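Open the model in your viewer and keep the selection tool at hand.

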Amino acid sequence: MTEALLFKNIDEPGLSTLEVYAKRGGYESLRKALAMSPEAVLAELEASGLRGRGGAGFAMGKKVSFLPKGSIDKYLVCNADESEPGTFKDRELMQKSPHVLIEGIVIASYAAGATRSFIYIRGEYVHQADVLDAALVEAREAGYVGEDILGSGHSLSLVVHRGAGAYICGEETGLLDSLEGKRGNPRLKPPFPANQGLYQGPTLINNVETLATVPAIVAMGGERYAKLGTETSKGTKLVSVSGHVQRPGNYEIELGIPSREIVYGLAGGPPPGREVKCWFPGGSSAPVLTADDLDLPYDFDSLARAGSMLGSGAIIVVDDSTPIIDVALKVAKFYAHESCGKCTPCREGTNWTVKMLERIDSGEATPMDIEIMASVQEHIIGNCLCVLGDAMAMPIGSMIAKFRDEFEAHIEQARAHSGLGASPVAEGALV
Amino acid sequence: RARVNNALFARARAGTPEENDTTSPAAVAPELRKEIEAHMALYPDSRSAALPALEAAQRVHGWCSPEAIEQVASVMGVTPAYLAAVATFYDMLETEPVGKHSVYVCTNISCSLHGADALYEAVRDAADGDPEFNVRPFECLGACDIAPMASVDGVYVGPLTTEDVPRMLEDARAGRIVLPDKQLTTRGVADQHANSHELQEGTP
Ligand SMILES: Cc1cc2nc3c(=O)[nH]c(=O)nc-3n(C[C@H](O)[C@H](O)[C@H](O)COP(=O)(O)O)c2cc1C
Ligand code: SF4
Ligand code: FES
């Protein structure tokens, strides 16, 4: 494994203070960047190949380049909502190394020509928001944030904005509405935030980890950074591993290493005597993979080719002690609860899927219901304003496809248990 | 998602003239007014302060009561109905009266794989009928590494067992540090490799 970039010295006592962060070379990248032209900094970001770490994996440098040029008011928003189930990497980073995020934001704002910035942090992260606020006071006093930063002529305001509990505010346009003081309903795209974002102005919006990687890129140069990882997934990535593993937690890996090395090598795999049944490679919105997929390289394209996604880098492992129906119900209930209700396929489809799964569990369903449930998922995908509906339909669809036998067996067992007897389909009546 | 409180809406729409009078904010406690105004000053459009302002008012009033919402509305210069609609969208803004100690027990996927549903039931039963506690099952709180976990008055603790529940509630009630041995903030990163050789060699 290569050197840790984001997690370097992460547990050093006092790293959250400017004093220790500066001793470790903190804000040197900012000095270096401010001595360059904004275009040159942007060129480094593009050369690095860095892809967004919040879920969609869009090239960060390209996103910066989409912002209109000129002296109009531009905004930078850091997405610290981190509410995709299974994801907790931004939390550890912000809590232990808040200055690396602040430094990344200031450099990115310089490249993008943004003069106002916000960190939208989920309201539940009380401690992390306090840590950020304290770090921000230090950064302002040291002249790294504010007017005419280090005499460069670049100015930037930065506000830590606390959310109030709503998964959908992690979706970038829902987040922008929430930041404007409204209900966090997603907006229709286009227009994209780069053209019309916060207060209708051009807005760069990136995940915490994406922005926190910027200082390392400036320090080592985009080209050197691009040597890490694979051809299309450059660099290192923080992965949050949870569920049935012996050493759950955050790990910084080089993109492209075998998934098995993360699940077993780093996180210790399931408890003794247990096997991996399925795993979500990128948060609970990602279609599940099985033990057969553990040799896949952990990078954006390999996981996409396997029908899933890297998403936020959250690996959730489920071992063979857990019925698949339990997993499906948890996932479906979450999205039903978090649907903002704006689009019918999402609002109705998520609720309906929960009811269907409950029927399966209580023994009221027949195998035909599996067909119907699978087709509901297909009807949700691509028919909603944002991808929250898809975020349920994709993992549920994958569970039905990969564990159909288990669903069917569960239906028969539950029917027998509830006294309804074998389903008509099982008896051959409907076949 | 929205747990709509009809009483709140009705009052916001059809309050008495004094209640609807957004020009006489005399009832707003000075510290609360100051806090809301400070938030408003941070944004190009002061309406952005809605969430922090409601959160501040909730801290003072215990929940986003009609009074709390009217006070925020009067300081921010928006209608109470607007803020009531905002408040119902967010899980952390309470639109019904609740106990002063919040206990959010995560029951999402990673925690449930470690027994979160039983944990939630144990907490709920232990606090049953106690008006001091606001116990709620919650979506993933972003701490699946300490599953199963809970956030007690904003402080993350885990991994929890049902045996921890009485002590957890007692600590909260007494205003003590909750389960000091189970606090998230005291944990090292899982990645052994992260803390570099430099550190171990003790360079300055
Ligand atoms: C339903 C939904 C929830 C999302 N939640 C988050 C989140 O919590 N954090 C995040 O960074 N991105 C989240 N995203 C992705 C954002 O919309 C956006 O793509 C991202 O913030 C862009 O930053 P990046 O390019 O640096 O990844 C979510 C997207 C959707 C559709
Ligand atoms: S897909 Fe669901 S969450 Fe997204 S806008 Fe539509 S109803 Fe809201
Ligand atoms: S699932 Fe409980 S904190 Fe993430």
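Start at A:Pro190, which is in the loop between α8 and β4 of chain A. Keep in mind that this is a predicted model. Display the backbone from A:Lys189 to A:Pro190: the peptide bond there is cis, with omega near -10 degrees.

With neighbours within four places in sequence set aside, A:Gln200 is in contact with A:Glu180 and A:Asn195. A:Gln200 and A:Lys277 are 77 residues apart along the chain, and their C-alpha atoms are separated by 46 Å.

Next, select strand β4 of chain A, residues 203-207. This strand gives three residues to the shell around ligand 1, the largest share from any element. Show ligand 1 and the 18 residues around it; A:Gly54, A:Asn79, A:Asn206, A:Asn207 and A:Thr210 come nearest. Coloured by residue class, the shell splits into three nonpolar, nine polar and six charged residues.

Which side chains place a polar atom by an oxygen atom of ligand 1? One is A:Thr210, with a polar side-chain atom 2.7 Å from a ligand oxygen. For A:Asn79, an N or O atom of the side chain is 2.9 Å from an oxygen atom of ligand 1. For A:Lys63, the corresponding distance is 3.0 Å. On its own, ligand 1 has 610 Å² of accessible area, and the protein covers 91% of it.

Move to ligand 2. Is its site a pocket or a cavity? Ligand 2 sits in the second largest cavity. There are 13 residues around ligand 2, and those that come nearest are A:Cys340, A:Lys342, A:Cys343, A:Cys346 and A:Cys386. By class, this shell has nine nonpolar residues, three polar and one charged.

Two backbone stops remain. Select A:Glu82, in the loop between β1 (75-80) and α5 (89-96) of chain A. A:Glu82 is not a glycine, yet has a positive phi of about 25 degrees.

Finally, go to chain B and select B:Pro159, in the loop between β4 (155-157) and α9 (165-174). The peptide bond that joins B:Gly158 and B:Pro159 is cis, with omega at about -10 degrees.

Technical notes:
Residues are numbered from 1 along each chain as its sequence is written. Chains are lettered from A and ligands numbered from 1 in the order in which they are written. This is a predicted model: local features need pLDDT of at least 70, side-chain atom pairs count only at pLDDT 80 or more; totals for chains, interfaces and linings use all residues. Side-chain values use heavy atoms; hydrogens and water are left out. A residue is near a molecule or strand if one of its heavy atoms lies within 4 Å of it. A polar contact is a pair of N or O atoms within 3.5 Å; within protein, one must be able to donate a hydrogen and the other to accept it, and residues adjacent in sequence count only if both atoms are side-chain atoms. Accessible areas come from the Shrake-Rupley method with a 1.4 Å probe; for residues, only the protein chains shown count as cover. Helices (H or I, at least four residues) and strands (E, at least two) are DSSP runs, numbered from the N terminus. Ala, Val, Leu, Ile, Met, Phe, Trp, Tyr, Cys and Pro count as nonpolar, Asp, Glu, Lys and Arg as charged, and the others, Gly among them, as polar. Contact means heavy atoms within 4.5 Å. On a 1 Å grid over the protein atoms alone, a cavity is a set of points where a 1.4 Å probe fits but cannot get out, and a pocket is an open set with protein on both sides within 12 Å along at least five of seven lines; lining residues have an atom within 4 Å of a point. A molecule sits in a cavity or pocket if more than half of its atoms lie within 2 Å of its grid points.
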